[in-house]
Amino acid sequence: MSPTRVAVVGTLNMDVVVTVDVRPGVGETVLGSSVRERCGGKGANQAIAAASAADAESSVALIGTVGDDSAGAAMLANARSTGVDVTYVGVEGDTSGRAFIEVDASGDNRIVVIPGANSLLSAGAVVTALDALDPHVVLTQLESPRAVTESVARWCTHHRRRFVLNPSPVAPLPEQVLAAADPLVVNEHEARAYAGIGTDIAGALLKYTASAVITLGARGVIVATPERTSSIAVIPAAEGVETTGAGDHFAGVLAIRLAEGEDLHNAATHAAHSATAFIADRHLG
C-alpha cells in the first residue's frame, strides 16, 4: 500500500446549490434558475483535490464523519472513486452534514452549513486515525469541532509532521495552534482577522505562524516565510463563473505538493494554477 502522504481532517457535506439571477433581500422571494446536489464539505473537497494531484506513490486519506443516510453513503462512494482512503471516515448519527449554497449571476455565493454528523467527530478518533496512518502532512480547517483542530496541531507538533491549517470559517484560535501551522492558508478576510489592520498582512501573520499563504482571488497569491515574501499571479475567472470550492482545491493541492517535497513557493504556484483550471473545468462542464 502506498504511504499516506496527506491526511485531511474535516467535513463531508452534501451541497445543495441554488442558482439565482439576484440574491433576495430580507423578506423577499425570488425565482431560482436551477438547483442541484453535489458531494462537498471542506474536508472532502480538499482530500479529493489532493488525490487528484498526487503521484502514483502517494496516498491521501480523509478523516471525518458522515451520517447513516443516503447522503453519507453517496459521499463515501464519491471519495473512494477519486482514490481517497476513507477507512477513517466514521458513520455516526442519522443525518449527514449539508451545505446550502446560493450563487447569483455574478458568481458570488452565500453558504449556510448544517454540520449534522460532522459535529460528532471526536478528537480521540482523529488521534487514533493519525497514529494509524502516520501521514507526512496533515491538513485541516475549522468546520470540525475546535477540540479536533487543537488535537491535530498537538499531534503534528509531537510527531514532527507538517501541519497545514486553513482556518475557515474564521474563528479565534489558541496561540499554539497558529504557531504550529506551516503554512497558515487564508484568504484576505481570514488573514485580516488574525493579522489586524495594516498594509503588511504577510509580515503581521508571521508574528503568529511559521509561514503563510494568502489567496487574493483575481489578485493572485502571497507566500510568506521568514526568509522571503513572494507573489504569484493568476488568470482571473470570467465574470459570472462560480468559484465555490476553488479555495479548497487550492489547499488540497498545496498539501500534496508539500508532502511530495516541493518548497512552499513552488507548491503554492502549482496549487494556484490547478485551482484556476478547476474553475475553468467546472464552467466548461
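Val91 is partly exposed, with a relative accessible area of 45%; partly exposed lies between buried, under 20%, and exposed, over 50% (1.4 Å probe, protein chains only). Val91 sits in strand β6, residues 89-91, where strands (E, at least two residues) and helices (H or I, at least four) are DSSP runs numbered from the N terminus. Leaving out residues up to four places away in sequence, Val91 touches Val66, Gly67, Asp68 and Leu76, a contact being heavy atoms within 4.5 Å. Its C-alpha atom is separated by 38 Å from that of Asp21, 70 residues apart along the chain.

This is a predicted model, in which local features need pLDDT of at least 70 and side-chain atom pairs count only at pLDDT 80 or more, while totals for chains, interfaces and linings use all residues. Residues are numbered from 1 along each chain as its sequence is written, and side-chain values use heavy atoms, without hydrogens and water.

The largest nonpolar core has 43 residues, and Val6, Leu62, Phe250 and Leu254 have the most contacts inside it. Such a core is a set of buried Ala, Val, Leu, Ile, Met, Phe, Trp, Tyr and Cys residues joined through side-chain atoms within 4.5 Å. Elements giving two or more residues to this core include β1 (4-9), β4 (59-66) and α8 (246-259); the largest share, 8 residues, comes from α8. Apart from this core lies another, of 36 residues, among them Val126, Leu130, Val152 and Ala153.

Beyond its neighbours within four places in sequence, Leu62 is in contact with residues including Val8, Leu12, Ala47 and Val86.

Elsewhere, Ile114 belongs to strand β8, residues 109-114, and is partly exposed at 45% relative accessibility.
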